[in-house]
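Hi everyone, thanks for coming. Let me put the model up on the screen and then we can walk through it together.

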Amino acid sequence: MNIVLSRDAQVKIMENTVSNAEHYFGQFCSVMASYTRKTAKLRDKADELVKQLIDFGNTENPELRSAMKNMAEELAKIQDYRHAQVERLETKVVAPMKMYGPLIKERRAEIKKFNTVRNKEIKELQKLEKLRHRAPSDRHMIVSAESSVQKASIDAARTTQQLEEVIDNFQQQKIKDIQKIFSDFLTIEMIFHARALEVYTSAFHGLQDCDLEKDMEDFRAKIHINTGTQDARPVPATNVSSNTTWHMSSTVRWRPVTD
């Protein structure tokens, strides 16, 4: 009976191992899937911002127009990086976590099989104990019951060893997968943010270098009305490129908005 109790303790640890994996991998998968979807939505909103910057720039004078165009193109680059980030998160983080659903079902089936064998051993032991109390002189029945117990114990021992190997492999794979999945997650995030920081920095400096005073001179020249004796004629723009309309370059790809 002590062996049976020992097996009970073993299977409890194994069941907890699988249950914890089921709970936390399920939570991780749900959170990371949501994280990826929200990152995709952020990408889509940023694409909308890029379009608005281009449209706004086309209503302004040359300096600000050029600054808006350049900033929009830099932000579009970041969304390309973010698009790659989303795809990598789906492939390297979310997908491996989803694989644990079927894997955990298989491990639960192994534990269920072990419990069936263990319960049979317990029943045979209980049957033997009852015989010893009710018919201690019936050697034939007792010997037969002892034989059944021995057979059930051998089956339980074999099944226990098999289950130990299965759960040991499961635990080893689980901790390695956790290490790899979250290492990939951190790498994906670092790559994106490193590239994004470079582009944001470039966009910031480009915006700061915009000579807004030139645009104000152009604007004032356009709205100036001559109140003197000279003919009131429109003053031409100070920059011949002021009527140029900017469009997104062919390298900028528009993506469908994620629901």
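How are H2 and H3 oriented to each other, roughly parallel or roughly antiparallel? First, a word on the model: it is predicted, so local features need pLDDT of at least 70 and side-chain atom pairs count only at pLDDT 80 or more, while totals for chains, interfaces and linings use all residues. Residues are numbered from 1 along each chain as its sequence is written, and side-chain values use heavy atoms, with hydrogens and water left out.

Back to our pair. The axes of H2 and H3, lines fitted to C-alpha atoms over the stretch in contact, come within 5 Å and cross at roughly 25°. H2 and H3 are therefore roughly parallel, a label for angles under 35 degrees. Here Pro-96, Met-97 and Lys-98 of H2 meet Tyr-100, Gly-101 and Pro-102 of H3, where contact means heavy atoms within 4.5 Å.

Now look at H3 and H4: their axes lie 8 Å apart, at an angle of about 160°. That makes H3 roughly antiparallel to H4, the term for angles over 145 degrees.

Notes
Axes are lines fitted to C-alpha atoms, for helices over the stretch in contact, and angles run from 0 to 180 degrees between N-to-C directions. Helices (H or I, at least four residues) and strands (E, at least two) are DSSP runs, numbered from the N terminus. Angles under 35 degrees count as roughly parallel, over 145 as roughly antiparallel, 65 to 115 as roughly perpendicular and the rest as oblique.
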